[in-house]
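This briefing is meant to be read beside the sequence and the model.

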Amino acid sequence: MAEPRSDLASRPTAVARQPVQRAFQRGREKPRGVVWFGVTSFWGHLRHFLAAAIATEDVDSRDWMTADEPAELLTRVATALEADGTGTTLSEILERDLWLDFIADTGDDVAVSRAVARLMFCAYELPDPDVPGSHLYAPRGELLLFGGDTAYPVATAQEITNRVIVPFNQVLESLPADERPRVLLGIPGNHDWYDGLDGFARMFRRNVGDEAPRGSVIGVSQRMLERYAEWAREFVRGGRIEKPAALTLRNYRAVQGASYFVLPIAPGLHVLAVDRQLRNLDTRQTHFMREWLLAHPDVCPWVMLPDPVFAFGEPSETGTAMIEQLGLDWETRPHLVLSGDVHHYERLRHGAALHVTAGGGGAFLHPATMAGGDRLVPEVEWPNAEQSRALLGDVPWKIMRGGSGFLPHLILAVLFMPAMSMGMRTFARLGVILSAPIAITLITTLIYALIGGMRRRGRAVLGLAFCAGILTALIPVLSSFALTRIMWRAHLTPSVWLVAAFTFVVAVFAGAFVFGAYLALLTRLGFEHTQAFTALDHPGFKHFLRIRVRADGGAVDIWCLGLRDPLAPGAEPELVDFVRFSPRAQTR
């Protein structure tokens with residue numbers, strides 16, 4: 001049943017140009033955005049390492065999964081939507097156009113999540129691609145597709161509840177009564193796998209038997225140390241921590257049985273939703289999808305990937321590997337490739353494929369590529385390079401003052417403490433604290449080189465790391481020298497303890513600034529694109545995709561709708577992009 005037109009539909013403003021904006025509103029309620037150099041994220045990093053180690057041992061949960069037969073999944077979706085038509089694809093059963101919403105990389109700052117939910121759960125009047133100058137009614141999608149990384153730093157049941165389920169349900173509850181059934185589908189990203197898909201499965205796996213509980217609008221409150229203590233206690237006892245059986249979005253029904261699936265969406269157009277775990281596709285999944293493609297040679301693949309084939313203008317190692325394992329060749333027939341993981345909007349074409357990256361569902365922002373070279377140039381990107389450069393300058397200052405957490409300061413303190421002790425012993429003779437500058441240079445250069453990806457970038461990164469290492473090592477020497485000279489000119493006798501304390505504090509905080517400047521420089525030069533903006537944890541430029549699949553499968557219309565500053569008073573939706581994909585287009 002088609003959704004009736006509503007007078008509440010808004011008409012977003014088109015993004016004609018992208019003026020640089022420097023000031024953005026940040027959330028103030030808990031849970032706030034993840035501080036990536038803080039204690040909370042440290043647990044996420046640890047879970048990452050443990051999950052990666054388990055994956056390296058070939059322990060793969062997908063080995064025990066049985067993927068839904070596409071026809072069976074199609075029946076479940078159609079039943080959930082209360083469609084009673086006939087056919088072999090969803091649009092045929094519905095006997096009309098199908099509307100979908102796509103969102104990826106959700107579940108960070110709860111206030112931003114709520115703003116994104118308000119953006120996504122609305123109807124809009126959007127430019128009609130068939131009638132230039134007019135608008136069409138674009139209702140909320142009947143299918144909601146999640147593109148991975150459901151919550152941060154680890155997509156546990158608690159983090160998904162507090163950062164996604166609760167704010168989304170609060171918005172759904174505030175809307176005018178709408179009991180129309182809708183379907184929830186998703187694929188996991190790396191942050192979902194850090195929890196072994198436990199949280200992901202509770203949200204996306206279909207319920208057998210009793211219906212799923214009503215969606216929660218109240219967060220789970222448990223301090224981090226209490227949660228870890230409970231986990232450790234139950235681990236020793238051989239027990240388990242009680243968790244909700246299902247994480248439910250109101251009026252959305254989970255229907256899938258595995259972390260990957262194939263769904264015949266329209267004549268000649270089938271969705272292939274892929275899960276690469278933490279490394280690559282498993283044999284069972286590869287066989288399942290290859291067999292389906294071989295049995296349907298005339299089908300245009302709409303491929304949902306957990307990370308893009310092209311990231312920041314270059315081929316992605318993981319994305320390329322997935323395409324190769326699936327045996328896809330976009331030079332011979334059109335493909336629609338839809339992904340998240342990179343937290344910005346980007347559209348580009350390569351061969352006969354349309355690549356859309358839309359990872360702006362709530363997580364911290366990733367920049368546009370700011371370096372030149374032989375990189376692919378996207379047709380549309382949001383934010384653009386100019387805006388990204390303006391934001392990049394805030395990174396060193398934010399890291400220095402601890403706005404990104406104090407792990408860098410702690411590491412620098414541990415590094416400088418023994419060196420300072422050595423320097424204090426020679427202070428009376430030298431007049432400065434000579435804090436093992438050679439050793440500090442070598443250690444910090446090694447750390448910076450590894451962070452910058454020296455194995456891939458070679459000498460250029462090593463040169464930058466060496467400069468940053470020397471500067472870090474010289475900070476305590478220069479600061480102690482400056483303080484003693486000032487005290488002597490003021491006719492004061494320098495105290496070794498006073499000079500040491502001052503030097504230590506300056507070394508730690510100025511060293512953190514150097515670290516932030518090094519990350520920013522890596523991003524500016526195109527050596528590395530994510531770490532500086534991860535530390536910045538920027539709340540802006542959030543978006544989702546509203547998608548219309550024509551009933552005959554002849555076209556897929558994609559509108560990207562976004563909020564430049566989601567938490568700003570009176571923030572209004574913007575039409576970031578529109579593109580039409582034609583599954584039956586002939587390659588040149």
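What percentage of the 588 residues of the chain count as buried? The share is 56% of the 588 residues, where buried means under 20% relative accessible area, exposed means over 50%, and partly exposed covers what lies in between, all with a 1.4 Å probe and protein chains only. This is a predicted model, in which local features need pLDDT of at least 70 and side-chain atom pairs count only at pLDDT 80 or more, while totals for chains, interfaces and linings use all residues. Residues are numbered from 1 along each chain as its sequence is written, and side-chain values use heavy atoms, with hydrogens and water left out.

**The chain as a whole**

- The chain contains 19 helices and 19 strands, which are DSSP runs numbered from the N terminus (H or I over at least four residues for helices, E over at least two for strands).
- Among the contacts in the chain with a separation of 6 or more, 76% come from residues 24 or more positions apart, a contact being heavy atoms within 4.5 Å.

**Helix α9**

- Helix α9, covering residues 283-295, has 13 residues and reaches 18 Å from its first C-alpha to its last, close to the 18 Å expected at 1.5 Å a residue; the expected span is 1.5 Å times one less than the number of residues.
- The buried residues of α9 are Gln285, Thr286, Phe288, Met289, Trp292 and Leu293.
- Seen down the axis of α9, these buried residues fall within an arc of 165°, so they line one face of the helix; the arc is that of the directions from the helix axis to the C-beta atoms.
- The face of α9 turned away from that buried side carries the exposed residues Thr283, Leu294 and Ala295.
- The cover over the buried residues of α9 includes the helices α2 (70-80) and α10 (317-326), together with β8 (261-266), β9 (269-273) and β10 (300-305).

**Two buried residues in helices**

- Ser479 belongs to helix α17 (residues 459-489) and is buried, with a relative accessible area of 9%.
- The side chain of Ser479 reaches the backbone oxygen of Pro476 at 3.1 Å; leaving aside neighbours within four places in sequence, Ser479 is in contact with Phe502, Thr503 and Val506.
- Leu536 lies in helix α19 (residues 531-536) and is likewise buried, its relative accessible area being 3%.
- Not counting residues up to four places away in sequence, Leu536 touches Arg26, Leu391, Asp394, Val395, Lys398 and Ser404; of these, Lys398 is 138 residues from Leu536 in sequence, yet 6.9 Å away in space, C-alpha to C-alpha.

**Aromatic pairs**

- A search of the whole structure finds 17 aromatic pairs, for which the rings of Phe, Tyr and Trp (its six-membered ring) must have centres within 6.5 Å; planes under 30 degrees apart count as stacked, over 60 as edge-to-face and the rest as tilted.
- One of them joins Phe146 and Phe204 edge-to-face, at 5.4 Å centre to centre and with 70° between the planes.
- Phe146 lies in strand β5 (residues 143-146) and Phe204 in helix α7 (residues 198-204), so the pair ties together parts that are 58 residues apart in sequence; both residues are buried.
- Ring pairs link Phe121, Phe146, Phe168, Phe200, Phe204 and Tyr252 into a cluster.

**Salt bridges**

- The whole structure holds 24 salt bridges, each a side-chain nitrogen of Lys or Arg within 4 Å of a carboxyl oxygen of Asp or Glu.
- Arg550 and Asp130 meet through their side chains in a salt bridge of 3.0 Å, N to O.
- Arg550 lies in the loop between β17 (542-549) and β18 (556-563) and Asp130 in the loop between β3 (124-127) and β4 (135-138), so this pair ties together parts that are 420 residues apart in sequence.
- Arg550 is partly exposed at 22% relative accessible area, and Asp130 is partly exposed at 41%.
- Arg347 forms a salt bridge with Asp577, the closest N and O atoms being 2.6 Å apart.
- Since Arg347 lies in strand β14 (residues 345-350) and Asp577 in strand β19 (residues 574-581), the pair ties together parts that are 230 residues apart in sequence; both Arg347 and Asp577 are buried.
- Asp557 and Arg548 form a salt bridge whose closest N and O atoms are 2.7 Å apart; Asp557 counts as buried at 0% relative accessibility, and Arg548 is buried at 7%.
- Salt bridges that share partners join Asp97, Asp130, Arg548, Arg550, Asp557 and Arg580 into one network.

Methods:
A polar contact is a pair of N or O atoms within 3.5 Å; within protein, one must be able to donate a hydrogen and the other to accept it, and residues adjacent in sequence count only if both atoms are side-chain atoms.
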